[in-house]
Amino acid sequence: MASYQNIESAVIHGGVYGDRTTGAVNVPIYQTSTYEQSGLGQNTGWEYSRTGNPTRAALEALIAELEDGTAGFAFGSGMAAITAVLQLFQSGNRVVISSNVYGGTYRVLDKVFQRFGLAYTIADTTDPAAFEATLTPDVKAVLVESPANPLLTVTDLAAAAELAHRHGALAIVDNTFMTPYLQRPLTLGADIVVHSATKYLGGHSDVVAGLAVVKDASLAERLAFLQNATGGVLGPFDSFLLLRGIKTLAVRMDRHVENAEKAAAWLKGNPAVKKIYYPGLPCAQGYEINRAQAKNGGAMLSFELEDGYDIRKFFSSLKLIALAESLGGVESLVCHPASMTHASIPREVREKVGITDGLIRLSIGIENWNDLRDDLAQAIEGSKV
């Protein structure tokens with residue numbers, strides 16, 4: 001068994017490392033749906049791949065270790081992971097969500113779970129008093145993103161977990177933007193962490209996956225039942241791709257963040273930029289809280305251009321940075337939250353929380369910063385009205 005103390009080594013050697021049968025340093029792809037049993041009630045620990053698969057199990061053990069949890073669970077998408085977690089609750093329960101969350105999270109609560117009696121409340125989780133006021137007796141969970149998508153607002157995760165527990169609710173944190181390399185919500189008191197592993201954990205825009213990690217063993221047992229019963233599991237090949245992607249998480253995130261910090265500083269000093277949202281800037285909302293609970297500000301940022309610029313021209317002028325949904329890949333991506341990632345949220349709700357039609361979200365990749373800067377500069381120049 002490998003010996004290490006730091007996460008840079010854990011992403012490579014953590015969980016289930018290699019294959020004892022052959023000595024392969026990578027976990028094999030067990031591309032099988034079922035497993036031969038030697039007799040009734042006699043098996044090797046594997047029965048059917050919806051219930052368990054060795055490649056998926058290696059991934060689940062790895063994410064559990066990286067997040068300092070009891071058990072990990074791999075799903076076919078980030079939304080499948082959130083859906084399974086929400087199935088822990090029942091009709092008559094209520095979930096409190098951050099005021100700016102991923103549009104898909106809002107949509108599944110508003111259009112799916114609400115039909116079955118699971119209600120939700122939108123709260124400003126950055127304001128402890130306003131947040132606590134929403135924690136009515138029927139609230140059984142709070143679901144927080146920090147930094148949140150797409151305004152990068154920061155919530156004090158330890159304080160949010162303490163508030164949730166005081167009111168008899170579970171604390172759930174979507175850690176997609178930060179990954180366990182930059183932030184570990186379970187160590188701050190959260191009960192469940194979810195990831196769209198499609199993003200930074202996969203890192204190469206070639207796999208769609210979701211992960212959930214729990215701290216409590218009894219909670220792990222309940223989520224394991226739901227994963228098997230509802231069946232939204234991640235396949236073995238995609239599990240392998242995710243294991244491979246996580247091996248380079250540390251070095252990728254270091255480069256992502258290095259570029260993002262340069263981009264944030266450059267945009268902040270650009271007269272064409274009206275407002276910038278990046279938790280790594282000292283002027284940002286929640287800067288000190290983020291410094292205390294995360295390694296740095298991450299690699300996501302959003303901004304608005306001044307009134308004399310046309311964002312449609314800005315998007316069409318970009319040559320290196322791709323206009324696309326998603327984030328967290330090695331390539332830089334840009335999106336328009338109001339019409340793309342958060343289009344499922346009603347306009348009045350979006351505008352109330354600050355997701356304006358002029359908001360631009362950037363996922364900073366690992367390209368050379370000078371090339372990214374030049375692309376941003378020429379696109380901003382080309383967007384002048």
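This report describes selected helix contacts, strand pairings and backbone features of the structure above.

## Basis of the description

The model is predicted, and local features are described where pLDDT is at least 70, side-chain atom pairs count only at pLDDT 80 or more, and totals for chains, interfaces and linings use all residues. Residues are numbered from 1 along each chain as its sequence is written, and side-chain values use heavy atoms, with hydrogens and water left out.

Helices (H or I, at least four residues) and strands (E, at least two) are DSSP runs, numbered from the N terminus.

Helix α3 (residues 78–86) is mostly covered, with seven of its nine residues buried, where buried means under 20% relative accessible area, exposed over 50% and partly exposed in between (1.4 Å probe, protein chains only). The buried residues are Gly 78, Met 79, Ala 81, Ile 82, Ala 84, Val 85 and Leu 86. Val 85 counts as buried because its relative accessibility is 2%. Leaving aside neighbours within four places in sequence, Val 85 is in contact (heavy atoms within 4.5 Å) with Ile 172, Ile 192, Val 194, Ala 212 and Leu 223. The C-alpha atoms of Val 85 and Val 213 are separated by 10.0 Å, although the two residues are 128 residues apart along the chain.

The axes of α3 and helix α4 (residues 103–112) come within 10 Å and cross at roughly 40 degrees; these axes are lines fitted to C-alpha atoms, for helices over the stretch in contact, and angles run from 0 to 180 degrees between N-to-C directions. The two helices are therefore oblique to each other, given that angles under 35 degrees count as roughly parallel, over 145 as roughly antiparallel, 65 to 115 as roughly perpendicular and the rest as oblique. Met 79, Ile 82, Thr 83 and Leu 86 of α3 make the contact with Gly 104, Thr 105, Val 108 and Leu 109 of α4.

## Helices α2 and α9

Helix α2 (residues 54–66) packs against helix α9 (residues 236–247) at an angle of about 35 degrees, and their axes are 8 Å apart. On the α2 side the contact includes Thr 55, Arg 56 and Leu 59, while on the α9 side Pro 236, Phe 240 and Ile 246 are among the residues involved.

## Strand pairing

Strand β2 (residues 94–98) has four of its five residues buried and pairs with strand β3 (residues 119–123) in the parallel sense over five bridges, pairing being assigned if DSSP finds at least two bridges between two strands. Within this pair, Ile 97 stands opposite Ile 122 in β3.

An open sheet of five strands runs in the order β8-β9-β12-β11-β10, with mixed pairing. Strands β8 (273–277) and β10 (322–323) stand at the edges, each with a single partner strand, so one side of each is left without a neighbour in the sheet. The pairing of β8 with β9 (residues 300–305) is antiparallel over four bridges, and Lys 275 has Glu 304 in β9 as its bridge partner. Helix α10 (residues 249–268) packs on the sheet, touching β8, β9 and β12 (359–363), and its direction makes about 15 degrees with that of β9.

## Backbone features

Most residues other than glycine have a negative phi, and most peptide bonds are trans. A cis peptide bond joins Ser 146 and Pro 147, with omega about -5 degrees, and another cis peptide bond joins Asn 149 and Pro 150, with omega about 10 degrees. Pro 147 is found in the loop between β4 (139–145) and α6 (157–166).

Leu 152, in the loop between β4 and α6, has a positive phi of about 55 degrees although it is not a glycine. Thr 179, in helix α7 (residues 179–182), has a positive phi near 65 degrees.
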